[in-house]
Amino acid sequence: MSVGVFDVAIVGGGTAGCAAALALRKRGMSVVLLEKGQCGAMASGTNFGGVRRQGRDFREMPLATRARAIWDRLPELVGEDCEFRATGHLKLARDAAEMAELERYARDARDHGLELSVVGGNAVRALYPWLGEAVTGASLCPDDGQANPRLVGPAFARAARAAGAEIREFAPVTHARWTGAGFEIDAGGATLRARLLVNVAGFWGGEVAAWFGEPVPIRPLCPNMVVTEPVPYVIDRSIGVCGGNVYVRQVERGNVIFGGGRGWGDTARAISRPRADVARDAMARTLAILPWLRDARIIRTWTGFDGEMPDDIPVIGPSRTTPGLIHAFGFSGHGFQLGPAIGEIVAELVADGRSASPLAPFAIARFAGAPPAPAPR
Amino acid sequence: MSDTRVVVVGAGPAGMRACAALVAAGLTPILIDEAARSGGRIYQQPPQGAARPGRELYGFEAAKAARIHALEAQLAGRIDHRRETLVWNCFEDALDLLGPSGPSRQPFDALILATGATDLALPFPGWTLPGVYALGGAQIALKTQGCGIGRRVVFLGAGPLLPLVAWQYVQAGADVAAVLDATPFAAKLRGLPNMLFAPATLAKGAYYVARLLAAGVPMAWGVGGPRAEGDGRVERVHFVTAGGDARVVACDALGASFGLRSETQLADLAGCDFVFDRRTRQYVPARDVAGRTSRRFVYVAGDGAGIGGADAAELAGERAALALAEDLGLPVDVNRAAFLDGRLARLDRFRRGLETAYPFPAHLLRDIGDDTMLCRCEGIAVGALRAAARDKGAPELNRAKAFTRIGMGRCQGRMCGRAAAELLAAARGEDLARAGRLRGQPPVKPIPMIPELLS
Ligand SMILES: Cc1cc2nc3c(=O)[nH]c(=O)nc-3n(C[C@H](O)[C@H](O)[C@H](O)COP(=O)(O)OP(=O)(O)OC[C@H]3O[C@@H](n4cnc5c(N)ncnc54)[C@H](O)[C@@H]3O)c2cc1C
């Protein structure tokens, strides 16, 4: 164990934290990353694996576009592609109102550099014969895709470690404080010191922010996930629907993964559980768009914890109360795609004091004086 | 008390004895089992209408089997027996079920998990060839369907089931080509002092071996390097004798497994704490002598609580029921409880002897090559796990699963999880306990993609 002062301490080893550790090492800073469990095992390791820009809040689009470029470079960056495939993301409409929504989004998205192609009626079935009758239209974002979430965080962690970052797993940070000249961090029985502190603690980022007198109304978000046994590979796009109440992808191995609705979570013990009734509803919605899946069997269900902000976009940027503290948490169910870019953005904020990406909408100040988070649902 | 919802999962010896004791205590338990009839695996009954004499089906154990089956009749009307019903999830105070009349959710106030065990499979080259069965599977084919796994059968294993199944096949008229015991003969003698605590069982083991030898069945102890080969299905088994000679036996079927593993997913989903049981090299639910787990009003009994065998399962099932009744504040015969505790302790001594006599055949795993199939559901070979353990630094099973997909298939690691733990620990040069155990995730077994079938 090294003594002395680190340039940067990172709380949280999700995709965001591990990518930040790597980016900071590339800038030559000394880095310690503290993860209470294993890197990339919480939201970053349990998520659906969707790497999509389509459907995003336009305020996130510059970040998502930046992230998308990094996904192509994973092999050179972290030594493996993490099963990232640019399969495209297909968003489905199931009635006229949803079709109008797809067209409206496609029109507006153009201003944000996103070219979507929207098709309706018979063209949908000609292009995607595996879609069911319920589908009336579809919007394709060709260079969106999907990846294996279980591989991404750990790959960044290994790359960061190889680049000289100190990655400490099973090291929960129980408290951190500003001393006037830096930070003292209690982690896994030891007290560490660092000049700068990065809070990328996912759902628990709210707790870390509260240590520094800036609580935010964050709530746990546990998307309910289901996977089938392998079936012949046909769904060669990642699929979403208007309203987002179901999303589906198929891995090359053949398993069909789908999500929709919310599971159960106990944030204090970090235990989350999928819900059978929610899985059933997602099953019904999946079968409405992919009726032939009826013969498949379900082999596993699960969920995980992300942090959800009331306005559905994360907190990213410097602390309002404490110099040298940077936040990036509360990705509200869509931070897997962003993760690689968050690493670079955090490194810019730490090293340069500002980022090349527009971060104004994500300032923690937007919650100043906000009431604390309501009890979890 | 009659409105207290007590659920027993598993209608084997443990679950049936638990039900009987619960009824005696004035309760009306709900008994749930995937099978249509009681008996569990050991006393599994043929389908209705295909009856054969008990002596033929269960050998020495016929009387015990008959008593368990008779219990089902005696308890009729006094328990709520849900047949052919899968418990696929336990969440908080309810079980998710899938039965003949559809889905349901069964809330409980108290729960006894008597979920039994399955064969412990270990990978070896060719173990996934058609014609290769678990020993338990070979036995069930005989018991419930009246057919064997082949005409000329080799049995390979490392447990007391090995000579028993082989002898049952001889009696059924099969040609048993060889009985290959992976454990050394000398270990049998080392296990003797403790096995004397249950001389009847000991005598039976010796009896099967003696009869097999008398029938001219070739037997070998301390074998290594097993390999099943054949064109599309198993046609021969290669092995190396204790003396180091390479041998091959022709056959059309192979029954192979290396002990038992507890079925513990429901206890896991119920939130029970687990402990590592060094003797059986697996994690089991933490429990007191009476079967109380770390979770109030959840009990475990029988092989699902740790491998103890059928006789111990009967006692443990009754003991857990007494504990449950006591915890509900019902009057309990303390002398009976003390008697059961004494008998269970005695059987435990015997079990220790048995584990000494059939030590885990670690050499089989040490010697297998990287290209041997490990997770047959996902088609992942041993080398992938070793690489995850060494190169990617996976310190425990769930991490290795995340990296390699081992244990992510249809069986959710029920078949390969134990071998994966052994291989992971060996690759890292660490104690087996540190390899951990695969986290339970619902469904416990695959369920159909039919929304109407879910509650
Ligand atoms: C089921 C599910 C499905 C999802 N699907 C998608 C999707 O398809 N596409 C998409 O883009 N996004 C998706 N998301 C969201 C995405 O997974 C998250 O937004 C993203 O992974 C967040 O990354 P993170 O690094 O901020 O958080 P996390 O991965 O949660 O990492 C935070 C880490 O901080 C650690 N930590 C917390 N407190 C402490 C402490 N005090 N000390 C030490 N360590 C601490 C935690 O253990 C954790 O490892 C999904 C999320 C879930 C849960």
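Predicted model: local features only at pLDDT ≥ 70, side-chain atom pairs only at ≥ 80, totals over all residues.
Figure 1. Chain B has a radius of gyration of 22 Å; a compact globule with 455 residues would have one near 23 Å, so the value for chain B agrees with that of a globule. Along the principal axes, the C-alpha atoms of chain B fill a box of roughly 65 × 50 × 45 Å.

**Figure 2. Secondary structure and contacts of chain B.** The chain contains 15 helices and 23 strands. Among contacts in chain B with a separation of 6 or more, 66% are made by residues 24 or more positions apart. Of its 455 residues, 59% count as buried, that is, with under 20% relative accessible area.

**Figure 3. Surface and charges of chain B.** The accessible surface of chain B is about 17900 Å², and carbon and sulfur atoms contribute 53% of this area. Chain B carries 54 positive and 45 negative side chains. The centres of these two sets of charges lie 3 Å apart.

**Figure 4. Interface between chain A and chain B.** At this interface, 35 residues of chain A are in contact with 35 residues of chain B. Together the two chains bury about 3100 Å², and 53% of this buried area is on carbon and sulfur atoms. On the chain A side, the residues that lose the most area to chain B are Arg150(A), Arg273(A) and Arg300(A). These three arginines together account for 21% of what the chain A side buries.

Note on methods. Residues numbered from 1 in each chain as written. Chains lettered and ligands numbered in written order. Heavy atoms only, no water. Helix = DSSP H or I, 4+ residues; strand = E, 2+ residues; numbered from the N terminus. Rg over C-alpha atoms; globule rule 2.2 N^0.38 Å. Buried < 20%, exposed > 50% of the residue type's maximum accessible area, 1.4 Å probe, protein only. Contact = heavy atoms within 4.5 Å. Areas by Shrake-Rupley, 256 points an atom, 1.4 Å probe, with all protein chains shown as cover. Lys, Arg positive; Asp, Glu negative; His and termini not counted. Charge placed at Lys NZ, Arg CZ, Asp CG, Glu CD. Buried area = accessible area lost by both parts, 1.4 Å probe.
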